[in-house]
Amino acid sequence: MNDNVNFRSFKEGDYETCCVWWKLYEKHGEVMPKKSLLPDDGGYVVVKEGRLVASCFLYLTNSAIGYIDYLIADPTYREKDRLELLLDLAARVTAVAIDNGCESIWAMTKNKGVIEYAAGDGRAFGLVPGDYKMVRTYGSGY
């Protein structure tokens, strides 16, 4: 990543930006989550050159399982690094989950690029074409 790309926690105004994106993706089956369904401290974003590019949410539980969902990206951002930024965001949120004691991280996405990347070369376990889920278990030999 270059110096113009930042990873940070959600802040005021980010949810409203994501709502605009979810609304634009409705025709593709995306569902805009109510704010009450999102974790208070689990939203993360990637910002490039001051522009919010993508977001996702990490749910931590009272067990060693973390859950990542609601990955969304600005539908008007069409730069060549779009998939790289999405994957970096997912990797960084996964690292946050591990830092919080998660041994297994579950994720859901309809983004075909993310799924194909995660399924390739043994990067994730248990994916088949058409899957929406990704599960990464640490310390189990997978």
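This is a predicted model: local features need pLDDT of at least 70, side-chain atom pairs count only at pLDDT 80 or more; totals for chains, interfaces and linings use all residues.

**Aromatic cluster**

I started with the rings: Phe10, Tyr15, Trp22, Phe57 and Tyr70 form one aromatic cluster. Residues are numbered from 1 along each chain as its sequence is written, and side-chain values use heavy atoms, with hydrogens and water left out.

How many aromatic pairs does the structure hold? I get six. For a pair, ring centres of Phe, Tyr or Trp (its six-membered ring) must lie within 6.5 Å; planes under 30 degrees apart count as stacked, over 60 as edge-to-face, and the rest as tilted.

I picked out Trp22 and Phe57. Their ring centres are 6.5 Å apart and the planes sit at 25°, so I logged the pair as stacked. Trp22 belongs to helix H1 (residues 14-25) and Phe57 to strand E3 (residues 51-60), so this pair ties together parts that are 35 residues apart in sequence. My helices (H or I, at least four residues) and strands (E, at least two) are DSSP runs, numbered from the N terminus.

Are Trp22 and Phe57 buried or exposed? Both are buried, with buried meaning under 20% relative accessible area, exposed over 50%, and partly exposed in between (1.4 Å probe, protein chains only).

**Strands**

Next I followed E3 onward. E3 runs antiparallel to strand E4 (residues 65-73), and six bridges join them; strands pair if DSSP finds at least two bridges between them. Leu58 has Ile68 in E4 as its bridge partner. The two strands, E3 and E4, form a hairpin, with four residues between them.

E4 also pairs with strand E5 (residues 104-108), this time in the parallel sense, over four bridges. There, I found Ser104 in E5 as the bridge partner of Ile65. With helix H2 (residues 82-99), E4 and E5 make a right-handed β-α-β unit. Right-handed means that, with the strands pointing away from the viewer, the path from the first strand over the helix to the second runs clockwise.

**Whole protein**

I counted three helices and six strands, in the order β-α-β-β-β-α-β-α-β from the N terminus on. Buried residues are 41% of the 142 in the protein. Of the contacts (heavy atoms within 4.5 Å) with a separation of 6 or more, 60% are between residues 24 or more positions apart.
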